[in-house]
Amino acid sequence: MLQEERIARIQALLGAYARMSTERLARELSVSRETVRRDILELEAQGALRRVHGGVVTTAAHAEPPYAQRQHLRAREKRAIARAVLPMLAPGQVILLDAGTTTGYLAEALCGLAGLTVITNSLGIAMTLSERTGPGAAPRHEVILLGGTPHGDVPATYGSGTINEIGRYHADLALLSPVGLSAIHGATSYAHHEAAIAQAMAAQARERVLLADHGKIGLVSRVRYASPQDVSRIVTNAHADTGVEEELRRWRGAGVEVVLA
């Protein structure tokens with residue numbers, strides 16, 4: 001890979017995650033840490049990033065990739081995570097789902113169950129779970145779509161109205177899909193309006209379950225919505241990556257259950 005290609009990839013990663021370790025960048029690019037350090041120095045000279053202990057942070061407010069693009073990123077891993085959540089659920093439970101791509105795959109998996117009350121701000125999740133098996137058939141679940149204001153390219157509702165509605169409910173589980181999940185910094189999102197919804201959902205649930213593929217483990221984005229102490233359980237995919245394994249060991253050491261799909 002040419003240096004120009006590596007630099008573009010580093011910028012794209014920082015645009016999505018805001019902060020990354022040198023080790024993680026080397027793994028993502030399949031190059032040595034020495035090569036990554038040279039690229040970091042070049043980007044720092046351009047003013048595109050700032051070095052911090054153990055890694056780098058972006059100096060620009062890049063947005064995440066478009067929602068439609070994120071839906072197809074690590075789709076196999078997200079489907080496996082969704083299947084791993086199913087044994088945690090039982091008829092009669094009330095669950096909160098945010099508008100992440102992994103929770104979207106979970107909604108598809110929930111079509112094989114019945115008897116849940118699902119509260120979500122995602123139009124796509126609400127439509128998926130409202131589908132009936134045939135003419136005159138009852139819906140599998142009770143689905144409550146939260147009102148609010150659309151924002152950006154994600155088909156979902158946001159804003160104070162949505163947050164106020166969330167406050168009316170008490171849920172057994174909040175199933176949330178963060179941008180980054182760090183044993184030091186907790187669950188983070190890139191967008192303030194998305195973090196506000198996730199934070200409100202987390203506050204109204206007895207348990208907070210974070211759904212994150214291996215690419216999000218150890219990463220930190222811009223806005224924290226749950227501290228490490230607030231996380232009840234993590235569901236991620238198994239991955240032969242020493243950095244991911246070390247991060248998950250930190251979570252287990254903090255008393256958080258980690259479920260590998």
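Domain bounds here come from an automatic or database domain assignment. For this protein, that assignment gives domain 1 (3–58) and domain 2 (67–260). The model is a predicted one, in which local features need pLDDT of at least 70 and side-chain atom pairs count only at pLDDT 80 or more, while totals for chains, interfaces and linings use all residues. Residues are numbered from 1 along each chain as its sequence is written, and side-chain values use heavy atoms, with hydrogens and water left out.

The C-alpha centres of domain 1 and domain 2 sit 28 Å apart. As for contact (heavy atoms within 4.5 Å), 10 residues of domain 1 touch 14 residues of domain 2. Between them, the domains bury about 930 Å², 46% of it on carbon and sulfur atoms; buried area is the accessible area (1.4 Å probe) that two parts lose on being put together, summed over both. On the domain 1 side, Y17, R19 and R24 give up the most area to domain 2, together 56% of what that side buries.

One salt bridge is counted between domain 1 and domain 2, the term meaning a side-chain nitrogen of Lys or Arg within 4 Å of a carboxyl oxygen of Asp or Glu. R74 pairs with E28 in a salt bridge, with the closest N and O atoms 3.7 Å apart. The elements giving two or more residues to the side of domain 1 that touches domain 2 are α1 (3–17), β1 (19–21) and α2 (22–29). Helices (H or I, at least four residues) and strands (E, at least two) are DSSP runs, numbered from the N terminus. With four residues, α2 gives the most to that side of domain 1.

Now to helix α6 (residues 101–110). Eight of its 10 residues are buried, so α6 is largely enclosed by the rest of the structure. Buried means under 20% relative accessible area, exposed over 50%, and partly exposed in between (1.4 Å probe, protein chains only). The buried residues of α6 are T101, T102, T103, Y105, L106, A107, A109 and L110. Their cover includes the helices α4 (67–71), α5 (75–85) and α7 (123–130), along with the strands β4 (94–97), β9 (171–176) and β12 (205–211).

S160 belongs to helix α8 (residues 160–166). S160 and G186 lie 26 residues apart in sequence and 23 Å apart in space, C-alpha to C-alpha.
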